[in-house]
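Subject: Structure for you to look at

Hi,

Here is the structure I promised to hand over. Please open it first, then read my notes below.

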Amino acid sequence: MLYAIETEGITKKFDEITAVNNVSISVEPGELFGLLGPNGAGKTTLISMLSTMIEPSGGRARVWDFDVIKDASSVRQNIGVVFQDTTLDDRLTGRENLDLHGRLYGLDGKTRKKRINEVLSLVELSERADAIVRTYSGGMMRRLEIARGLMHHPHVLFLDEPTLGLDPQTRNHIWEYIKILNKEEGVTIVLTTHYMEEADHLCGRIAIIDHGEIVALDTPTALKSALGGDVIILEIEKPDEIARLCDIYSRNGCANIISKKGNEVFITVENGEHQIPHILNLASSAGISILSVNLRKPTLDDVFLHHTGRAIRDKEVSEVERVGYIIRSRRK
Ligand SMILES: Nc1ncnc2c1ncn2[C@@H]1O[C@H](COP(=O)(O)OP(=O)(O)OP(=O)(O)O)[C@@H](O)[C@H]1O
Ligand SMILES: [Mg+2]
C-alpha cells in the first residue's frame, strides 16, 4: 500500500452548494496531515466522505486501500473518527461510553476491558473513568472522545477540530496526545482545524482549503518560506489610499506579494529590515501617511491571505458562538 488516503477529484454537492470541489490528495501511512480552512471551507464534508458518513457526488477516494463507497465497512474497520460536535452519551460514565463503542466494533469482553484501560491511561482519564460524562470538563470530554476513537486500534484517525473552544492549556495537553499517537503508536492522523498555530505546531503537511478547494499543500515551513523572508505590515492612515500605495510598490518592484486587510498592507520581502526605509520613502514621496510599521516572519495566516486574498479569521464565527452551539447540542 502506497497511501493511507488517496483521493482523486473527490466532490460533494448539496443542491446548489459545492462543499468539496475536485479535491485530489495523497496521505502516506504515518503522516500527521492537516486540513486548515475557515468556517464553511468544506473540512468536515471532506472528512465525512473519507470516513464513509456521506457519499461523494463525484470522484474517488481510498482509505487504507479500501474504496469509501465499495468497501465502506472495511474502511470503517480501519479508521477512528472524532467528530466536531460531541457524540458522547453524557448520561453514561466514561468507561461505559468506551465499552459501548467496543461492543459496536465487536470486541469481546476481555479485549474491551484491556483496551479501555489502555486508552484511558493514554489520555489520563483513568481516575475519572467511572464518573458520569456530564460532570466532565470540555477538555476531558474531548480526551474521552479521542480515547473512544482509538478503541479498535484504527490505522487512520480523523480528528475534526480536536481542540475547538478549549483553553490554551488544555489545547496544549491534547496536542501532546496527538503527537504521541502519531509518533509512538504510528497512527496516521488527519485533523481539521481553523487554528493556524495548531496546524503549524502539529502537522507534517497542511492542505489549505477554501470554498471546497485545496489552495495550497505542503509542509508548514515550505508554505511559509514560499512567501519570501519577512512580512512588513504597514498601517495606513487613510484606507482609500491603499490601492494607490500597492500600485506604487508593485511598480517599484520592492515586494514579492502585496495584500490588504482593513487599513493594513502586507508586503513580503527578503531582508525586511533593510527594505523598510525604502518602502517608507516611497509612501512619503506619494504623500501617503503611514501610522505604524511592523516586521515579522510569515505565518500560515499570511499564506492563507496570499492564496485567498483574505485572512482566515475574517470568516470565523466567534468562538463564543461556536462553543455555545456545542454545549446546546450536548444538552439536547
Ligand atoms: N448536510 C448539508 N446540507 C447542505 N449544506 C451543507 C451540509 N453540510 C455542509 N454544508 C455546506 O457545505 C459547506 C461546507 O461545510 P463544512 O461543514 O464541510 O465546512 P467546515 O470547513 O467543516 O466548516 P467549520 O469550520 O464551520 O466546521 C458549507 O457551505 C455548509 O453550509
Ligand atoms: Mg467543520
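**Overall build**

The protein chain has 12 helices and 15 strands. Helices (H or I, at least four residues) and strands (E, at least two) are DSSP runs, numbered from the N terminus. This is a predicted model, in which local features need pLDDT of at least 70 and side-chain atom pairs count only at pLDDT 80 or more, while totals for chains, interfaces and linings use all residues. Residues are numbered from 1 along each chain as its sequence is written, and chains are lettered from A and ligands numbered from 1 in the order in which they are written.

The C-alpha trace spans about 80 × 40 × 40 Å along its principal axes. The domain assignment gives domain 1 (5-221) and domain 2 (228-297). Such bounds come from an automatic or database domain assignment. Taken over C-alpha atoms, the two domain centres lie 41 Å apart.

The chain has 332 residues, and 39% of them count as buried. Buried means that 20 or more other C-beta atoms lie within 10 Å of the residue's own, with C-beta atoms placed from the backbone; exposed means 12 or fewer, and partly exposed is in between. Now take contacts with a separation of 6 or more: residues 24 or more positions apart account for 70% of them. A contact needs two C-beta atoms, placed from the backbone, within 7 Å.

**Strand β4**

Start with β4 (residues 32-36). 5 of its 5 residues are buried, so the strand is largely enclosed by the rest of the structure. L32, G34 and L36 point one way, F33 and L35 the other. In a regular strand the side chains alternate between the two faces of the sheet.

Which strands pair with β4? One is β9 (residues 188-193), parallel to β4 over 5 bridges. There, L32 has I189 as its bridge partner. Another is β10 (residues 205-210), also parallel, joined by 4 bridges. L36 stands opposite I208 in β10. Pairing requires at least two DSSP bridges between the strands.

**Around ligand 1**

Ligand 1 has 13 residues around it, and F14, A19, K43, T44 and T45 come nearest. The elements giving two or more residues to this shell are β2 (17-23) and α1 (43-50). α1 gives the most, with 3 residues. A residue is near a molecule if its C-beta atom, placed from the backbone, lies within 6 Å of it.

By class, the shell has 4 nonpolar, 8 polar and 1 charged residues. Ala, Val, Leu, Ile, Met, Phe, Trp, Tyr, Cys and Pro count as nonpolar; Asp, Glu, Lys and Arg as charged; the others, Gly among them, as polar.

Best wishes
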